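Student: I would like to go through the labels given to this structure and see what each one rests on.
Tutor: Take them one at a time, and set each value against its cut-off.

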Amino acid sequence: MKHTCTAETDLDELIGRESFHEGSLAFHYGPIARALKLDEELVLENSEVLSATMLAKIQAVVRGLFIPETEEALLPGGGFSLVLR
């Protein structure tokens, strides 16, 4: 899976957020959460535009993620990897 980063990329974009869809509130998974759930590689294209702080946050999140909105704990499996390009 690939995701192109911009200078505005934040954790809400990468993890996901709640939003209204067809009249109800639903959680929409971002690329990090989807890659962890599917146990697959995530390539963050254009990652050089991300700040050092944002990169550190991403590294912490991919070690294990809890999504309060869905009450899910997502841990990296054997197929998950993060590639910064």
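Student: What makes lysine 2 and glutamate 45 a salt bridge?
Tutor: This is a predicted model. In the model, the closest N and O atoms of lysine 2 and glutamate 45 are 3.8 Å apart. The cut-off is a Lys or Arg side-chain nitrogen within 4 Å of a carboxyl oxygen of Asp or Glu, so the label applies.

Student: Why is this pair said to tie together parts that are 43 residues apart in sequence?
Tutor: Because lysine 2 lies in strand S1 (residues 2-4) and glutamate 45 in strand S4 (residues 41-45).

Student: Why is lysine 2 called exposed?
Tutor: Its relative accessible area is 58%. Exposed means over 50%, so lysine 2 qualifies.

Student: How do you know that arginine 17 and aspartate 10 form a salt bridge?
Tutor: Their side chains meet at 3.9 Å, N to O, and the limit is within 4 Å, so the pair counts.

Student: What makes arginine 17 and aspartate 10 partly exposed?
Tutor: Arginine 17 has a relative accessible area of 41%, and aspartate 10 has 33% relative accessibility. Buried is under 20% and exposed is over 50%, so both values fall in between.

Student: Which salt bridge does glutamate 72 form?
Tutor: Glutamate 72 pairs with lysine 37, with the closest N and O atoms 2.8 Å apart. Glutamate 72 is in strand S6 (residues 72-74) and lysine 37 is in helix H2, so the pair ties together parts that are 35 residues apart in sequence.

Student: Are glutamate 72 and lysine 37 buried or partly exposed?
Tutor: Glutamate 72 has a relative accessible area of 18% and is therefore buried, the cut-off being under 20%. Lysine 37, at 41% relative accessibility, is partly exposed.

Student: Which residues do salt bridges with shared partners join into one network?
Tutor: Lys2, Glu45 and Arg85. By the same rule the count comes to four salt bridges.

Student: Which residues of helix H3 are buried?
Tutor: In H3 (residues 52-61), they are Met54, Ile58 and Val61.

Student: Why are they placed on the same side of H3?
Tutor: Because they cover an arc of only 65° around the axis. On the other side of H3, Ala52 and Thr53 are exposed.

Student: What do the buried residues of H3 pack against?
Tutor: They pack against helix H1 (11-15), H2, S4, strand S5 (65-67) and strand S7 (81-84).

Terms used: Residues numbered from 1 in each chain as written. Predicted model: local features only at pLDDT ≥ 70, side-chain atom pairs only at ≥ 80, totals over all residues. Heavy atoms only, no water. Helix = DSSP H or I, 4+ residues; strand = E, 2+ residues; numbered from the N terminus. Buried < 20%, exposed > 50% of the residue type's maximum accessible area, 1.4 Å probe, protein only. Arc of directions from axis to C-beta. Contact = heavy atoms within 4.5 Å.
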